[in-house]
Amino acid sequence: MNASPSRAAGRPGRPPWPWALLLATLLLGACRGDTPVQTLAFSAFGTSAELHLVGVEKAAAEALGGQVRRDFEFMDQHWRSGAPAGLARVNAALAAGEPVIAPPSILPLVRLAERYAEHSGGLLDLANGGLVALWGLHAPAASGGPPPGAAEIRRWLEAEPAMSDLVIDGLVLASDNPAVQLDLEPIAAGYGIDVTIGYLRAQGVNNALLRVGNDLRAIGDRAGRPWRVAVPRPSGSGVYGFLEVSGDGAVATVGTYEQAILRGGKVYHGVIDPRTGWPADGALAVTVAHSEAATAAAAARALFIAGPGRWPQVAAAMGIDQALFFDRGGGAEMTPTMAERLARLDDTTEVRIRRPEAAPRTETGAETGAQSD
């Protein structure tokens, strides 16, 4: 991996405490075994991050960890909307209606964003950076002041910026819709995790876990035992259950406690529904397990926005068969595969099993959009 150092800018983050419990579990397991687990803690994308390496000597682990930290500093400076390099320059050109040569490191994220927008039926469309900016979600201190006005949100909705407005020609990005502003942060940490896992494997590391915020991916095992991943309660306070990961697997969680912001004396979460321009109101939290961290993060967010009536259809469209959905009343729904894997600590919450299902078809045979209610 090629990286250059930068300064990680702070922003309202997701509470890291469920992962602190995970870290304690990992360290406890390492103490019981003969194989060392080396741990590096650092910051990435404005939140806490940890890399756990199994069976790697301390000096080698420190060298690998230092490179991973520098790589995430590079990602932070080039992939985040508020950072001065990379994406900021791209968005400025798009707003001016000008084509722009994009940094090569951004293009894989843009192509992923196109795919996720299509598969989610537009529920996860990362061309909505203008709406994110209206809510001040990338400001160093996103608090105070009233929420965006109805007229401001209406203007954004009427402009209809979408990933489908973007044209990619080699390294050049262009759009005839100046409202298109890329916000890659919902998938940036997950994609960074996936790239880093590939780097670690190329360095001969077979057993590792990398977490950034509420996204993680684990390969191999933890000294002969599966990695034990904590799944938080929908409030973000406490552990709902555990998933065991061995071989290769990723887990991502999105909740209403994410990027909490104060607007007009009321606390809002930072998962914006592009259909309304307001924070999505159908879920408390969603956890998704998948083979890739970027897809797990994207799907968790799309299912959160889809709400209780639509999430199984969006899961099917995005190829997700392991999902846990908490509705606004705290009720739990999950797919059969997730139910088989999840070791619940909370057996008092009633759980409804729902299979991912294709969207119903119209009389013409076309599927109804995932944006329908």
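Trainee: What makes strand 13 and strand 14 count as paired?

Mentor: Pairing takes at least two bridges found by DSSP. In this predicted model, strand 13 and strand 14 have five bridges and run antiparallel, so they clear the cut-off of at least two. One of the contacts to look at is A285, whose bridge partner in strand 14 is F326.

Trainee: And strand 14 with strand 15, how many bridges there?

Mentor: Three, again in the antiparallel sense. F326 turns up here too, standing opposite A332 in strand 15. Strand 14 and strand 15 make a hairpin with four residues between them, and G330 in that turn has a positive phi of about 90°.

Trainee: Why is strand 14 called largely enclosed?

Mentor: Buried means under 20% relative accessible area. Four of the five residues of strand 14 are buried, so the rest of the structure largely encloses that strand.

Trainee: Which sheet do these strands belong to, and what order do its strands take?

Mentor: It's an open sheet of nine strands, ordered 1-2-6-7-10-13-14-15-17, with mixed pairing.

Trainee: Why do you put strand 1 and strand 17 at the edges?

Mentor: Strand 1 (37-44) and strand 17 (351-353) each have a single partner strand, so one side of each has no neighbour in the sheet. On average, neighbouring strands of the sheet are turned by 15° against each other, direction ignored.

Trainee: What packs on the sheet?

Mentor: Helix 7 (residues 185-202) does, touching strand 2, strand 6, strand 7 and strand 10. The direction of helix 7 makes about 20° with that of strand 7. Then there's helix 8 (residues 293-306), lying across strand 7, strand 10, strand 13 and strand 14 and running at about 150° to strand 13.

Trainee: How many bridges join strand 2 to strand 6?

Mentor: Five, with the two strands antiparallel. In that pair, L53 stands opposite A208 in strand 6.

Trainee: Over to helix 3. Which of its residues are buried?

Mentor: L87, V90, N91, A93 and L94 are buried in helix 3 (residues 87-95).

Trainee: How do you know that they line one face?

Mentor: Look down the axis of helix 3: the buried residues fall within an arc of 160°, so they line one face. As background, an α-helix has 3.6 residues a turn, so residues three or four places apart point the same way.

Trainee: What do those buried residues pack against?

Mentor: Helix 2 (58-79), strand 3 (100-101), strand 4 (166-169) and strand 5 (172-175). Just after helix 3, G97 takes a positive phi of about 75°.

Notes
Residues numbered from 1 in each chain as written. Predicted model: local features only at pLDDT ≥ 70, side-chain atom pairs only at ≥ 80, totals over all residues. Heavy atoms only, no water. Axes fitted to C-alpha atoms, helices over the stretch in contact; angles between N-to-C directions. Contact = heavy atoms within 4.5 Å. Buried < 20%, exposed > 50% of the residue type's maximum accessible area, 1.4 Å probe, protein only. Arc of directions from axis to C-beta.
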